[in-house]
Amino acid sequence: MATKITLKKSKQAVKKDTTPFMSKVSRFLFKILLWFIGLSIFFVVLFKFLPVPFTPLMVIRAIENKAAGKELYFSHDWEPLENISINLQKAVIASEDGTFLKHNGFDFTAMQKAYKSNERGRRIKGGSTISQQTAKNVFLWQGRSYLRKGLEAYFTVLIETIWGKKRIMEVYLNSIEMGDGVYGAEAAAQHWYRKDVSSLTPQQAAGIAAILPNPRKYSATSSSSYINNRKTKIARIMRHVGKLEY
């Protein structure tokens, strides 16, 4: 009988010892969550007014090229949206996100179509909106994990709420990869066409938008038949985009 009492007491002791530890872990994780939310909101508010100097992808590409022994090439020039050709703005909407001005960050119809397309074994499509792509490019890393997709959704809601469509388009066009070591619309216009981004023609804008699925593989000039077909399709859709009212 005495033995049973001792065992019962030892179990209670273990439980008492464990409870404070779990409580400390919970408080620690809660503090991390609060810090993450606070910092994420801080940087989203900061980049509502200031240019984004670099993105995680820019750093990753530089490391990749360094590891591969390639010559480091980096071109990134920030331009206000007013200086970026309306043709390029329409081209990326026609190419990447036809409902950009209407949705609240997510195009669930496009996601469903992408899922069905991928299920049939066709070319992998993400169904991501311009807002989602911007959230990923500015704040996150590349990849397809559930954690990254969850964070992408979180930052998408934040930028849609705090930035609005005009700022999202401005950051998107100044931050995305548009060639090997080429980031942003102005750098892309200079790299591919040797001209300012403000003076891009509809066909030239369609050429840049056409390579966005893989800008390090495809070329906006002297393009393959696949890219030329994309250019033609994008240019045709651009004519129906209409006036952009952010």
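Trainee: Which residues does Gln 142 touch, not counting residues up to four places away in sequence?

Mentor: Before we look, this is a predicted model: local features need pLDDT of at least 70, side-chain atom pairs count only at pLDDT 80 or more, and totals for chains, interfaces and linings use all residues. Residues are numbered from 1 along each chain as its sequence is written, and side-chain values use heavy atoms, leaving out hydrogens and water. A contact means heavy atoms within 4.5 Å. Not counting residues up to four places away in sequence, Gln 142 touches Leu 57, Lys 136, Asn 137 and Arg 148.

Trainee: Where does Gln 142 lie?

Mentor: Helices (H or I, at least four residues) and strands (E, at least two) are DSSP runs, numbered from the N terminus. Find helix H5 (130-139), then move along to H6. Gln 142 sits in the loop between H5 and H6.

Trainee: How many Å apart in space are Gln 142 and Pro 56?

Mentor: Along the sequence, Gln 142 and Pro 56 are 86 residues apart. In space, going from C-alpha to C-alpha, their separation is 8.6 Å.

Trainee: Why does Gln 142 count as partly exposed?

Mentor: Buried means under 20% relative accessible area, exposed over 50%, and partly exposed in between (1.4 Å probe, protein chains only). Gln 142 is partly exposed because its relative accessible area is 33%.

Trainee: Helix H6 comes next. How many Å apart are its end C-alpha atoms?

Mentor: The expected span of a helix is 1.5 Å times one less than its number of residues. H6 has 17 residues (146-162), so it should span 24 Å. The model agrees, with its end C-alpha atoms at 24 Å.

Trainee: What is the strand order in the open sheet?

Mentor: Two strands pair if DSSP finds at least two bridges between them. Strand E1 (75-76) and strand E2 (177-179) are the edges, each pairing on one side only. With mixed pairing, the 3 strands have the order E1-E3-E2.

Trainee: Which residue in E3 is the bridge partner of Ser 75?

Mentor: E1 and strand E3 (residues 182-183) run parallel and are joined by 2 bridges. In E3, the bridge partner of Ser 75 is Val 182.

Trainee: Is Arg 194 buried or exposed, and at what relative accessible area?

Mentor: Look in the loop between helix H8 (185-193) and helix H9 (202-210) for Arg 194. Although not a glycine, Arg 194 has a positive phi of about 55°. Arg 194 is exposed, its relative accessible area being 65%.

Trainee: What about Ser 222: what is its phi?

Mentor: Ser 222 is in the loop between H9 and helix H10 (225-238). Ser 222 is exposed, with a relative accessible area of 81%. Although Ser 222 is not a glycine, its phi is positive, about 50°.

Trainee: To finish, what share of the 246 residues in the protein chain is buried?

Mentor: The protein chain has 10 helices and 3 strands. Of its 246 residues, the buried share is 40%.
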